[in-house]
Amino acid sequence: MFNLIPKQFLSARNLQRAILIVLAALIISVVSFGGYYYWDRYVYLGDESPLEIDIAHMEEAIRADPQNPDTRIALAQFYMSKDMYQEALEQTTQVLSLYPEHQGALLITGIIHSRLEQPQEVIEPLEKFVAQRKDGEMAGMDTSLEMAYYFLGESYVKLDQPAAAISSLEGALSITPSDADALYQLGLAYHASGKPEEALQ
């Protein structure tokens, strides 16, 4: 039997079909992601969200092994993600009472104080953290160090100590030169230092 449909029509039909398949796959991916996000944030299993279940499991692990600093730091991070800052601080304080140089506890403590708008309390733990990490072999790519430098710089700006702020923020930018927040804070620090030209840059 002869095929009475022109080849160019068949090619166009195949192209249209391929486009529809790709579009359908894209829609399915978006809907799936949206569904997961909604479930993760808003659907409750009983009376608890998935995050609350994770917190409960971590709290149980701490009751089983209260001297484990890493478990307490993991719980502090979970608390932070739920904006439970005082509870997170309780965990990092417990760790620092036993391990005063614990890097995870120092970093999280500083960040919590920053979120609580307590810039003076940010300084000590993050300065200790920076002192431990700044000379490491991977310091130039250390994103945790960059974070500590940034929160230190931001806090020094709030405390009206621009020279210290500039030093910390330049440390952050040496790791991540494109950090817009650090650049903005550096501009504020230069302005507070009476250096408007540097602030503009």
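User: What pattern does the chain follow, read along the sequence?
Analyst: In this predicted model, the pattern is α-α-α-α-α-α-α-α-α-α. The chain has 10 helices and zero strands.

User: How much of the chain is buried?
Analyst: Buried residues account for 33% of the 201 residues.

User: And the contacts, how many join residues at least 24 apart?
Analyst: The figure is 44%, taken among contacts between residues at least 6 apart in sequence.

User: Let's pick a helix. Which residues of H3 are buried?
Analyst: Helix H3 covers residues 69–81. Its buried residues are Pro69, Thr71, Arg72, Ile73, Leu75, Ala76, Tyr79 and Met80.

User: What do those buried residues pack against?
Analyst: They pack against helix H2 (50–64), helix H4 (85–98) and H5.

User: How far does H3 reach from its first C-alpha to its last?
Analyst: H3 reaches 19 Å with its 13 residues, close to the 18 Å expected at 1.5 Å a residue.

User: What happens at the start of H3?
Analyst: A side-chain oxygen of Asn68 comes to within 3.0 Å of the backbone nitrogen of Asp70.

User: And just after H3?
Analyst: Asp83 takes a positive phi of about 60° there. Asp83 is a residue other than glycine, and it sits in the loop between H3 and H4.

User: Is Asp83 buried or exposed?
Analyst: Asp83 is exposed, because its relative accessible area is 53% and the cut-off for exposed is over 50%.

User: Where is Leu145?
Analyst: Leu145 is in helix H7. With 1% relative accessibility, Leu145 counts as buried, because buried means under 20%.

User: What is Leu145 in contact with?
Analyst: Leaving aside neighbours within four places in sequence, Leu145 contacts Phe129, Val130, Arg133, Lys134, Ala139 and Ile175.

User: How far apart are Leu145 and Gln132?
Analyst: They are 13 residues apart in sequence, and their C-alpha atoms are 9.5 Å apart in space.

User: Moving along, which residues are buried in H8?
Analyst: The buried residues of H8 are Pro162, Ala165, Ile166, Ser168, Leu169, Gly171, Ala172, Leu173 and Ile175. They pack against H7 and H9.

User: How many residues does H8 have, and what is its reach?
Analyst: H8 has 14 residues and reaches 20 Å from first C-alpha to last, close to the 20 Å expected.

User: Tell me about Ser168. Why does it count as buried?
Analyst: Ser168 counts as buried because its relative accessible area is 6%, and the limit is under 20%. Ser168 is in contact with Tyr149, Leu152, Gly153 and Tyr156, leaving aside its neighbours within four places in sequence.

User: Last helix, H9. What span should it have?
Analyst: Its 13 residues should span 18 Å at 1.5 Å a residue, and the end C-alpha atoms are 18 Å apart, so the two agree.

User: Which residues of H9 are buried, and what do they pack against?
Analyst: Ala182, Gln185, Leu186, Gly187, Ala189 and Tyr190 are buried in H9. The buried residues pack against helix H7 (143–158), H8 and helix H10 (196–200).

User: And what is found at the start of H9 and just after H9?
Analyst: At the start, a side-chain oxygen of Asp179 reaches to within 3.0 Å of the backbone nitrogen of Asp181. Just after H9, Gly194 has a positive phi of about 75°.

Notes
Residues numbered from 1 in each chain as written. Predicted model: local features only at pLDDT ≥ 70, side-chain atom pairs only at ≥ 80, totals over all residues. Heavy atoms only, no water. Buried < 20%, exposed > 50% of the residue type's maximum accessible area, 1.4 Å probe, protein only. Contact = heavy atoms within 4.5 Å. Helix = DSSP H or I, 4+ residues; strand = E, 2+ residues; numbered from the N terminus. Expected span 1.5 Å × (residues − 1). Polar contact = N/O pair within 3.5 Å; in protein donor to acceptor, adjacent residues only side chain to side chain.
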